[in-house]
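Please consult the sequence and the coordinates alongside the text.

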Amino acid sequence: MTQTTAAPAPVEAPRRPRRGGVRQRLEIALFTGPALIVFLGFVILPVVLAAYYSLFNWNGLGPLERFIGFDNYIRALNDPAFLRAIGNNFTILILSILIQGPLAIGVALLLNRRMRGRAIFRALIFVPYVLAEVIAGLAWKLLLSPRGGVNGLLEDIGLGELAQPWLANPDIALGVMFVILTWKYLGFAILLMLAGLQGVPQELQEAAAIDGANWWQTQWRITLPLIAPTIRIWIFLSMIGSLQLFDMVWVTTKGGPVGATNTMAVYMLQNGQGAPGYGSAIAVILFAISLVVALVFQRTAMRRDLAGALTSGEDR
Amino acid sequence: MNNRTKRLGALIAASTVALLGVAGCTGPSSGDGDEVKIVWWHNATSDPLQGLWADVAAEFEDAHPGVKVEVTGYQNEDLQRTLIPNALQSGDAPDLFMVWPGGEVRSQAEAGYLRDLTSDLSAEIAEFGGVVKPWEVDGKQYAMPFSFGITGIWYNTELFAQAGITSTPTTLPELVTAVEKLKGIGVEPIAVGAGDLWPAGHWWYQFALNACSTATLQSAIPDLDFSDPCWIKAGEMLEDFLAVEPFNKGFLATPAQTGADSSNGLMAAGVAAMEFMGPWNSGTIGALTEDGEVPEWLGWFPFPSVPGGAGDPTITMGGGDGWGISVDAPEETVELLKYLSSAEVQSRFAAIGSGIPANPGAASALTDENLKSIAAGLAGSSYVQLWLDSALGPAFGNPLNQAIVNIFGGTGTPEDVVKALEDTAAAQ
């Protein structure tokens, strides 16, 4: 740098592009540096450390001394409780896509039409998503408890025989949990779909109408293909959310009764207490599963994007 | 240009300093200037106990000019499972903090975080007697208890009278009869917070005490050897008792202490008649009554004897809370702990009814009838077995209690509990 400043002015001119390059690089380093350090320090480093801790038998206190290789992973994958938790995560994932998706698209299509009170409906549907997760969870927990509001209502309207401990019955608890999750997250899905619908040009629908297509045909052949990218993004977010599901379960059931609503993240917290090495192994498995699912979906989603409705016209 | 480079350099330097500054925040816990700061963490999040600890801290500050005591109460599980282990591991530990007996004090002491109090508090250790043993590791005292009591059955005297139960059950068959009578008047006989796992765990621990001989208990836990058939017998006793259906509706999702639908809440509302719990229970039930007071109808009796086991009927199950001092704590912390262990502070602890004082000199200050019964039960015990999850250590808590709750839910067997114990032991 001293050389540059010491150099005479005429020589400077041809060097300008290179000097600009150095300056640019410095600027890049300066602006991305802090973010990069934070990202490396608080995201990448913990992931690497978790992978490292997972190879030890460690009670969280004192130095890492007892290296045990992959024993923590073997132990986790042989624990029926953990396998059940993985199964629950995937059950929620599949149910979300199969039930919440069509439901959200249907409601979004309805709300996209001109009708009275549309703004109010839109706001109401979005309310659960805005509620804090813990508050919503506690409200549901109180409503669904054996002496709670749901059972009280059922008894008042003469359906007392349907009353039961909703979150304490291992046979139905996961289903009840899914209903709560649907209530909580459907608003978000609908909002995304509505946003997607805003991007569908009115002209295409008019053109279809002129060609004699009825409302169903228009939705099926025009609207749905055009909002497919939105649907795929929602599926992606929903899958990641399902795999990492924690807070709603923790607040309402803590994974119970007898593991019926347990998820990987809940299992990690409960079994990682006093054994952070084992907990780290669970975290790494959760990370790996999420990563694989995300990558596989992105690959297939991208393939579908290329063969999607917008480009298929060129193929024909 | 030169200026610009300088400015750039200054910026980089400034951000580096800022980052280092963040990293440098975790210094020693002494305050500004000559003032000594003692950081004290406990688990009392409501009065009267929270107020007592605050008063004690203020009195200590007055008596020791230049010492500042920063006292904070945290929710028990957060404190025990997250806050303290993380603080110890990060090297920024509180100076005085709650230490749980058994496995927990052992792992903290072995990792070198706790100050050896054997000589510092030799007078207090002698004064307290055998109650300090659960906080002893390899013959050295690493924490001083401030409360110690045994688990028993808390019950609603009014509901018992309504159901026509004239005397408290002393044997398991009598308890079963009481359960039937209580069902007859339409109340939930026994509340159990199996949603939190450990309250259900305590039932199995109690049956293990009834099934196993004292010698087996004393050797199995340190050796982690659960081959004695009595450990399976404990689960079978529990299964037999569960067949009576003594527990509240939806017990699998019932929490222990939070809200009206917790087992404490069911007791407070008079919906359930009994709960098997530790000595803190009058306080946590009282917190859930309409007026926030401990109900007058609350009674206590020791767990009934169980026929058919090898267990000594005079053995009881219990535990307590202690104070430990970090190795890095200022010397004044030892004085604070001595003050906390004094008969004076312990008597005030006893008088507010938050638990049984560990200092025997303070037992006479107990005013609460139930705590007096517990103290009497404790005095009559031939041996007090620490709650098994405490005795075995934090890594055992969840697998053991989950396996026990599986028996409650009808999806697990007595053998599964022993397998969970053995699997966890193998991973230690």
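**A kinked helix and its surroundings**

Helix H8(A) carries a kink of about 40°, and the kink is centred on Tyr185(A). The model is predicted, and the angle is computed from its coordinates. H8 of chain A covers residues 173-198, a run of 26 residues. From its first C-alpha to its last, this helix reaches 38 Å, close to the 38 Å expected at 1.5 Å a residue.

The chain to which this helix belongs comprises 14 helices and 2 strands. Chain A has 316 residues, of which 30% count as buried. Considering contacts in chain A with a separation of 6 or more, residues 24 or more positions apart account for 68%.

Chain A is divided into two domains: domain 1 takes in residues 2-53, and domain 2 takes in residues 80-315. Where these domains of chain A meet, domain 1 contributes 4 residues and domain 2 contributes 6 residues. The side of domain 1 of chain A that touches domain 2 of chain A consists of 4 nonpolar residues, with no polar and no charged ones.

Attention now passes to the contact between the chains. It takes 30 residues from chain A and 36 residues from chain B. On the chain A side, helix H2 (9-53) and helix H12 (264-272) each supply at least two residues. H2(A) gives the largest share of that side, namely 4 residues. Classified by residue type, the side of chain A that touches chain B has 15 nonpolar, 12 polar and 3 charged residues.

Chain B contains 18 helices and 12 strands. How does its radius of gyration agree with that of a compact globule, and what value does chain B have? For 428 residues, a compact globule would have a radius of gyration near 22 Å; the 24 Å of chain B therefore agrees with this expectation. Along its principal axes, the C-alpha trace of chain B spans about 90 × 45 × 45 Å. Of the 428 residues in chain B, 51% count as buried. Among the contacts in chain B between residues at least 6 apart in sequence, 72% join residues at least 24 apart.

Gly149(B) is found in strand E6 of chain B, which covers residues 144-150. Why does Gly149(B) count as buried? It has 24 C-beta neighbours inside 10 Å, and a residue is buried because 20 or more other C-beta atoms lie within that distance of its own. Leaving aside neighbours within four places in sequence, Gly149(B) is in contact with residues including Gly278(B), Pro279(B), Gly318(B), Gly320(B), Ile374(B) and Leu378(B). The C-alpha atoms of Gly149(B) and Asp321(B) are separated by 9.5 Å, although these residues stand 172 residues apart along the chain.

Definitions and conventions. Residues numbered from 1 in each chain as written. Chains lettered and ligands numbered in written order. Predicted model: local features only at pLDDT ≥ 70, side-chain atom pairs only at ≥ 80, totals over all residues. Contact = placed C-beta atoms within 7 Å. Nonpolar A, V, L, I, M, F, W, Y, C, P; charged D, E, K, R; others polar. Rg over C-alpha atoms; globule rule 2.2 N^0.38 Å. Buried ≥ 20, exposed ≤ 12 C-beta atoms within 10 Å, placed from the backbone. Expected span 1.5 Å × (residues − 1). Bend = angle between axes of the 7 residues up to and from the residue. Domains from an automatic or database assignment.
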